[in-house]
Amino acid sequence: MPDITLTTLHGLKARGEKIAMLTCYDATFAQAASSAGVEMLLVGDTLGMILHGHDSTLPVQVEDVAYHTECVRRGNVGAFIVADLPFMSYATVEQALQNAGRLMKAGAHMVKLEGDRWLAESVKRLTQNGVPVCAHLGLTPQSVNVLGGFKVQGRDPVRARQLIEDAITLEEAGAAMLLVECMPSPLAEQLSQAVRIPVIGIGAGAGTDGQVLVLHDMLGLSLTGHTPKFVRNFLAGQDSIQSALQSYVAAVKSSEFPGAEHGYAM
Ligand code: KIV
């Protein structure tokens with residue numbers, strides 16, 4: 001068992017304490033981030049872009065995520081590990097069960113799936129089978145070709161209402177956590193208040209229960225030269241990566257990060 005469990009994370013939400021999460025893909029950074037106080041490590045399918053140099057997350061395979069989850073597990077010091085089910089690895093409930101099993105055996109404590117209410121049956125069956133689920137709503141990069149690009153989601157009132165209803169449906173199906181990406185800050189705050197489970201945001205303002213960033217982004221590294229507006233370089237002004245990680249945790253916990261300039265309006 002990790003030191004940080006689902007019970008810990010749900011307790012943090014109940015007490016209004018912010019949760020700090022980062023993506024992580026290897027043992028050395030897992031040790032550095034978890035010992036700096038990062039409570040959740042996400043073995044995200046961004047590994048396809050950050051580590052493998054692809055221009056989207058679509059080429060990532062379950063075995064890629066399993067391999068990096070094993071690496072993270074070896075370096076982790078007590079953090080809660082979430083692993084992404086990659087593109088087309090949960091198109092049916094059976095696929096979701098089989099592939100989630102692979103990631104849990106590799107060392108994940110929870111799996112993350114991108115999608116809305118259509119995931120409800122998979123969320124229910126995974127949870128019944130002992131796999132905690134985080135559902136990823138808003139900008140879902142695996143659907144970039146359906147969405148027509150990496151765009152802020154939920155700006156119009158109808159879509160905003162749908163996203164809140166999706167969040168409630170997924171909680172009722174058994175989701176233990178939600179991750180919301182690139183949605184207007186007021187909507188993300190409203191959505192976080194509409195559910196009892198923790199909601200982690202990226203590009204979703206300061207009103208969520210926690211924050212996640214891509215590790216390389218917050219250390220000022222970019223393969224493409226493009227830095228999203230919701231990113232802050234935490235290494236700037238610090239003398240080590242360890243201090244940068246500690247400063248990220250402190251900024252999330254105190255709600256100093258993200259600032260209004262990192263969010264999107266309705
Ligand atoms: O895959 C990933 O790294 C993610 C983050 C963008 C939150 O889902």
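How do the residues of the shell around the ligand divide into nonpolar, polar and charged? There are three nonpolar, four polar and four charged. Here Ala, Val, Leu, Ile, Met, Phe, Trp, Tyr, Cys and Pro count as nonpolar, Asp, Glu, Lys and Arg as charged, and the others, Gly among them, as polar.

Before you click on, note that this is a predicted model, where local features need pLDDT of at least 70, side-chain atom pairs count only at pLDDT 80 or more, and totals for chains, interfaces and linings use all residues. Residues are numbered from 1 along each chain as its sequence is written, and side-chain values use heavy atoms, with hydrogens and water left out.

**Stop 1: the ligand**

Select Thr23, Leu42, Gly44, Asp45, Thr46, Asp84, Lys112, His136, Leu179, Glu181 and Val212: these are the residues around the ligand, each with a heavy atom within 4 Å of it. Now show the side chain of aspartate 45, which has a polar atom 2.9 Å from an oxygen atom of the ligand. Aspartate 84 has a side-chain N or O atom 2.9 Å from a ligand oxygen, and for lysine 112 you'll also find 2.9 Å between a side-chain N or O atom and an oxygen of the ligand. A polar contact is a pair of N or O atoms within 3.5 Å. Taken alone, the ligand exposes 260 Å², and the protein buries 96% of that (areas by the Shrake-Rupley method with a 1.4 Å probe).

**Stop 2: the largest pocket**

Rolling a probe the size of a water molecule over the atoms shows where empty space is left. On a 1 Å grid over the protein atoms alone, a cavity is a set of points where a 1.4 Å probe fits but cannot get out, while a pocket is an open set with protein on both sides within 12 Å along at least five of seven lines; lining residues have an atom within 4 Å of a point.

The ligand takes up space in the largest pocket (more than half of its atoms lie within 2 Å of the grid points). This pocket holds about 890 Å³ of space. Of its 37 lining residues, select the closest to the centre: Thr46, Met49, Val214, Asp217 and Pro228. Helices (at least four residues) and strands (at least two) are DSSP runs, numbered from the N terminus. The lining has 17 nonpolar, eleven polar and nine charged residues.

**Stop 3: the second largest pocket**

This one has about 350 Å³ of space. Among its 19 lining residues, Glu114, Gly115, Trp118, Thr140 and Ser143 are the closest to the centre. Strand S5 (133-138), helix H7 (144-147) and helix H8 (157-173) each give two or more residues to the lining.

**Stop 4: the cavity**

How many cavities of 30 Å³ or more are there? The count comes to one, and the largest cavity has about 40 Å³ of space. Its lining includes Gly201, Ile202, Phe257 and Pro258. Strand S8 (210-213) and strand S7 (199-202) each give two or more residues, with the largest share, three, from S8. Seven lining residues are nonpolar, four are polar and none is charged.

**Stop 5**

Most residues other than glycine have a negative phi, and most peptide bonds are trans. Stay with phenylalanine 257 and proline 258: a cis peptide bond joins them, with omega about 0°. Proline 258 is in the segment after helix H11 (241-253). Finally, pick methionine 88, whose phi is positive, near 65°. You'll find methionine 88 in the loop between strand S3 (80-84) and helix H5 (93-106).

Definitions and conventions:
A polar contact is a pair of N or O atoms within 3.5 Å; within protein, one must be able to donate a hydrogen and the other to accept it, and residues adjacent in sequence count only if both atoms are side-chain atoms. Grid points are joined across faces, edges and corners, and a volume is the space filled by probe spheres set on the points.
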